[in-house]
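Open the model in your viewer and keep the selection panel at hand. The stops below can be taken in order.

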Amino acid sequence: MDKFRMIFQFFQSNQESFMNGICGIMALASTQMYSAFDFNCPCLPHYNLAYGLGILLVPPFILFLLGFVLNNNISMLAEEWRRPQGQRGKDPAVLRYMFCSMAQRAMIAPAVWVSVTLLDGKCITCAFCTLVPVETLGNASHLQLSQGEVQRVLARIPCKEIYNGQQLIANEVAVRYLRCISQALGWCFVLLMTTLAFLVRSLRPCFSQAAFLKCRYWSHYIDIERKLFDETCAEHARSFAKVCIQQFFEGMSTDLVAARCHLPRKAPADAAEAAEKLLGITDWGTMNMALKSWHRCKPPLHLHPPALSTGNGWAGEGQPPTHPSAPRRETAAYYSWV
C-alpha cells in the first residue's frame, strides 16, 4: 500500500505528472480491452475489410478523443483561445505548445491499441484475406471457379470452422502469410512511434530552447493562475455564504427578541474574519461584474513594485529602489604640541 500511495502522490505532484499517469492507465486499459474483446470476423466479401479496418482504426480514434476529454487543460486551452483580448495579449506559441502537449499524451493509448492489434494479426487477416495470392501460395488451377466464388472462399479464411477451400489454398498457409505481414507492420509502427517520440522529446528543445522554455513557463502559469482563481472564488463563496447565513440568523434572533422570546445570543468569533475575506464584494451584481471583468480583460502580466519607505516618507510608485549607502570611512588625525 505504501508503494501505491507514493505513486499516487507522485501523480498528484503537478499537472504534467497527473496527465502522464492518466495516459499510462489508459494505455493499460486499451490492452485489457483488446484482450477481453471477442473478435468475430463476418467472413463475407466486402464486409471483412470494413470490419477489420473498423476494429483497427475506430477504437484508437475514440481513445484519442477520450484522452482529450480526460485532460483538464482542454477547457483551459479553449477558454484561453476564445477569450477577448482585454488587457492581456494571447501568445499563439503558448496555445500551440499546450495543444501539442495534450495531443502527444492523448496519442499514447491509440498507439498502444494499434500496435497490439497489428502484432496480434486478427484484423489484418480478416480485412485482407481476399487478397491472398492464390497463384503463389495455393493451387488456382485445381478447381475451375469464377472470381466471385474464389472471393467467397477466401473470405472464409479467418473462420477456420467453416472454411472449405483446402484444395484451393491451405488455411494455415494463408493465416500465417497474413499474420507475418501484420506483425511486420506492427513492429514498423512501434519503431516509427518510438522514433517520433524521441525526436519530439529530445530534439525540439535543442533548436529553440528559449522559445520552448517560454511556452512551457506560461502554460504552467495559466494552469496555476486558473487554479488559484478557482480557489479564491471558492473561498469568497464560502465567506459570502457564512456571512449571509449569520445575518439571516441574527435577523431571526432579533425577531424572536421582539416577540418576547429571550434567547441566548452569542456573536460568532469568526464573523469579522469572514467579512474581511469578502474584499468589498458583498452583493450578487458586484460579483458577477468581477467575474465578467476577469474573463473579458484579465489583468496584464506586469507586477508593480511595492512602495518603499524613505527618510522623508513613502517613495512614489515607479521610483527606483534606494540602496543603503556604503559605510563612510572616518579618519582620525593626531597633533603633537612639541
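Start at His46, in the loop between H2 and H3. This is a predicted model. His46 has a phi near 70°, a positive value in a residue other than glycine. Is His46 buried or exposed? With a relative accessibility of 79%, His46 counts as exposed, because the cut-off for that word is over 50%.

Next, select Cys43, found in the loop between helix H2 (15-36) and helix H3 (48-70). The phi of Cys43 is also positive, near 55°, and Cys43 is not a glycine. Cys43 is buried because its relative accessible area is 4%, and buried means under 20%.

Now select residues 49-70. UniProt, in an unreviewed entry, lists this stretch as a "transmembrane region", along with residues 21-37 and 184-203. In the model, residues 49-70 are 100% helix and 0% strand, with end C-alpha atoms 32 Å apart.

Move to residues 184-203. Here too the chain is 100% helix and 0% strand. The C-alpha atoms at the ends are 28 Å apart.

The last stop is helix H5, residues 92-106. How far apart are the end C-alpha atoms of H5? They are 21 Å apart, which agrees with the 21 Å that 15 residues should span at 1.5 Å a residue. Select Asp91 to see the cap at the N-terminal end of H5: a side-chain oxygen lies 3.2 Å from the backbone nitrogen of Ala93. Ala93 is also one of the buried residues of H5, which include Leu95, Tyr97, Met98, Ser101 and Arg105.

How values were computed
Residues are numbered from 1 along each chain as its sequence is written. This is a predicted model: local features need pLDDT of at least 70, side-chain atom pairs count only at pLDDT 80 or more; totals for chains, interfaces and linings use all residues. Side-chain values use heavy atoms; hydrogens and water are left out. Helices (H or I, at least four residues) and strands (E, at least two) are DSSP runs, numbered from the N terminus. Buried means under 20% relative accessible area, exposed over 50%, partly exposed in between (1.4 Å probe, protein chains only). The expected span of a helix is 1.5 Å times one less than its number of residues. A polar contact is a pair of N or O atoms within 3.5 Å; within protein, one must be able to donate a hydrogen and the other to accept it, and residues adjacent in sequence count only if both atoms are side-chain atoms. UniProt positions are given in the numbering used here, feature names are shortened, and annotations may be inferred rather than shown by experiment.
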